[in-house]
Amino acid sequence: MKDEFLIQGLAGKRLLKGEIPIRGSKNAVLPAMASSFLFSGPILLHNVPHIEDVLRMSELMSSLGAKVSAKNDRTLLISPESAHAHILDTAIAKRFRASILLSGPLLSRFGKVVFPYPGGCVIGKRPIDLFLQGFKKMGARVLERDEHFTLFAPKGKLSGADIFFKIQSVTVSETFIMAAVLARGVTVLRNVALEPEVTALAQFLLSNGARIEGIGTTTLKITGGAPLSPKHSYDTIPDRIETGSFLLLGALSSDNLLISDCKPDHVRALIDVLRESGVIIKEGKDTLHVRGWKKANTPLSLQIKTHEYPGFPTDLQAPLVVFFTQCKGENLVFETIFEGRLSYIEDLKRMGADIVMWDTQRALIKGVTPLKGRELDGPDIRAGLAFLIAAIVARGSSIINNVYYIDRGYERIEERLSAVGVSIERRKKAGSA
Ligand code: EPZ
């Protein structure tokens, strides 16, 4: 049976209060899990969030023969030694795009990998050309048949190469960092993404003996070698998208919301936008405290472009649009990373938002517009959470379907939101199988 959320909106009142601790980052823990195939023994991962994508990655890795077990509540032990297969299970891999992260470590460890065109959120075309071009540069042969890709490394080993990525991509950067660690010779990766999740992966591998130079810059030089012997465990960094989403929720619905266990520096672009909009945020070493909103008399007129890190994250674009519906003025949001990531706006308009689409990637949001509760189908992880925020701000009740999307990226969201005063209930959808 499918789940749905029933939410009673606050009708714009600022009633939420308390503390929300941030969980480990989905997009950091998934590549760290995949990296276990680069090791000669078991690795430990801490601060692992309880989310569906971690379960899918565990299932997929187990189907390859790796042993994935929970050591305690948030610690996973992954033993790669028993891995024997190199063919990704199609049904599981198609459920989340991050499955493609396994291509790098499997190809460099076993010299072969078979994977389907990866699935995941429908937010644009999401091609995989950069993966295929990069692997070819490292000497792999690529065969494509029936939407499946079979890659072989000659004599079972990838060779170092000089690879320039024409687009800065998070999972491409992570995949090739991992591929290069076991390749023969030196690999130079250029135009590498700077997202904290990429840096965290590189630092983890470095701390375990990988030879990586240039971490934190867009050019990495990696000298390949033998499988790594585990020395240090992985501490998953706090989820910056969760942090940003709760900051936006706090800005809209609270004068006293403490977001703890986070890294304020990772959401600097959002903090700046919120402060410019009058939101009062007190910043600690690992906390962000929303203390109210001093709305200016003059209307806001901001233009926000999504951008690779440290620019404004595409994953916070949808909740930012919800925020702008409650700001006086006309604010423009330009989605530059994915071409299909504004489709949820039609639903916000049905809730009462006044948004003009300039084209498929630019939206002008006019505020303030009260929102009315309604039934919504979350189209992807991040828009799903934006709908939750909109439903909390709205007058009346809302139902959010496709809760699976929200569960993919956010741990037990209803329990955590209830704890700060949100009226939210998870229930089985009537009539669902
Ligand atoms: C990562 O996706 C995140 N996923 C996404 O999070 C996030 O939205 C995105 O980075 C941007 O920050 C994970 O880390 C698991 P990209 P990724 O490749 O790596 C183009 C979420 O909800 N491109 O950095 O898939 C691509 O189409 C999500 O958690 C190519 O053209 O994104 C896009 O325009 C969804 N060819 C651009 O690069 C390729 O071969 C940047 O996307 C690969 C990518």
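Is Arg426 buried, partly exposed or exposed? With a relative accessible area of 28%, Arg426 is partly exposed. This value, like the others in this report, was computed from a predicted model.

**Salt bridges**

Side chains of opposite charge can pair when their charged atoms come close. The structure holds 28 salt bridges, and three of them are set out below.

| Glu4 | Arg427 | 2.7 Å |

Asp407 and Arg426 link distant parts of the chain: Asp407 belongs to helix α13 (residues 403-409) and Arg426 to strand β23, and they are 19 residues apart. Asp407 has 15% relative accessibility, and because buried means under 20%, Asp407 counts as buried. Arg426, at 28%, is partly exposed. Salt bridges with shared partners join Asp3, Asp407, Glu414, Arg426 and Lys428 into one network.

The pair of Glu4 and Arg427 has a salt bridge of 2.7 Å. Glu4 sits in strand β1 (residues 3-8) and Arg427 in strand β23 (residues 423-428), 423 residues apart. Glu4 is buried, with a relative accessible area of 5%, whereas Arg427 is partly exposed at 31%.

Glu375 is in strand β21 (residues 375-377) and Lys429 in the segment after β23, 54 residues apart. Both residues are partly exposed: Glu375 has a relative accessible area of 42%, and Lys429 has 22%.

**Strands around β18**

Strand β18 (residues 329-334) runs parallel to strand β17 (residues 303-305), and three bridges join them. Within this pairing, Ile304 stands opposite Val333 in β18. Together with helix α10 (residues 317-325), β17 and β18 make a right-handed β-α-β unit. β18 is also joined by six bridges to strand β20 (residues 362-367), and these two run antiparallel. Here Gly329 has Gly367 in β20 as its bridge partner.

**Pockets**

Rolling a probe the size of a water molecule over the atoms shows where empty space is left. The largest pocket has a volume of about 1000 Å³. Its lining has 46 residues, and Arg126, Val170, Thr171, Ile337 and Phe338 lie nearest the centre. Helix α6 gives the largest share of this lining, four residues. By class, the lining has 19 nonpolar, nine polar and 18 charged residues.

The second largest pocket holds about 320 Å³ of space. It is lined by 22 residues, with Pro49, His50, Ile51, Glu52 and Leu55 nearest its centre. Elements giving two or more residues to this lining include α2 (52-63) and β4 (67-72). The lining has nine nonpolar, five polar and eight charged residues.

Methods
Residues are numbered from 1 along each chain as its sequence is written. This is a predicted model: local features need pLDDT of at least 70, side-chain atom pairs count only at pLDDT 80 or more; totals for chains, interfaces and linings use all residues. Side-chain values use heavy atoms; hydrogens and water are left out. On a 1 Å grid over the protein atoms alone, a cavity is a set of points where a 1.4 Å probe fits but cannot get out, and a pocket is an open set with protein on both sides within 12 Å along at least five of seven lines; lining residues have an atom within 4 Å of a point. Grid points are joined across faces, edges and corners, and a volume is the space filled by probe spheres set on the points. Ala, Val, Leu, Ile, Met, Phe, Trp, Tyr, Cys and Pro count as nonpolar, Asp, Glu, Lys and Arg as charged, and the others, Gly among them, as polar. Two strands pair if DSSP finds at least two bridges between them. A crossover is right-handed if, with the strands pointing away from the viewer, the path from the first strand over the helix to the second runs clockwise. A salt bridge is a side-chain nitrogen of Lys or Arg within 4 Å of a carboxyl oxygen of Asp or Glu. Buried means under 20% relative accessible area, exposed over 50%, partly exposed in between (1.4 Å probe, protein chains only).
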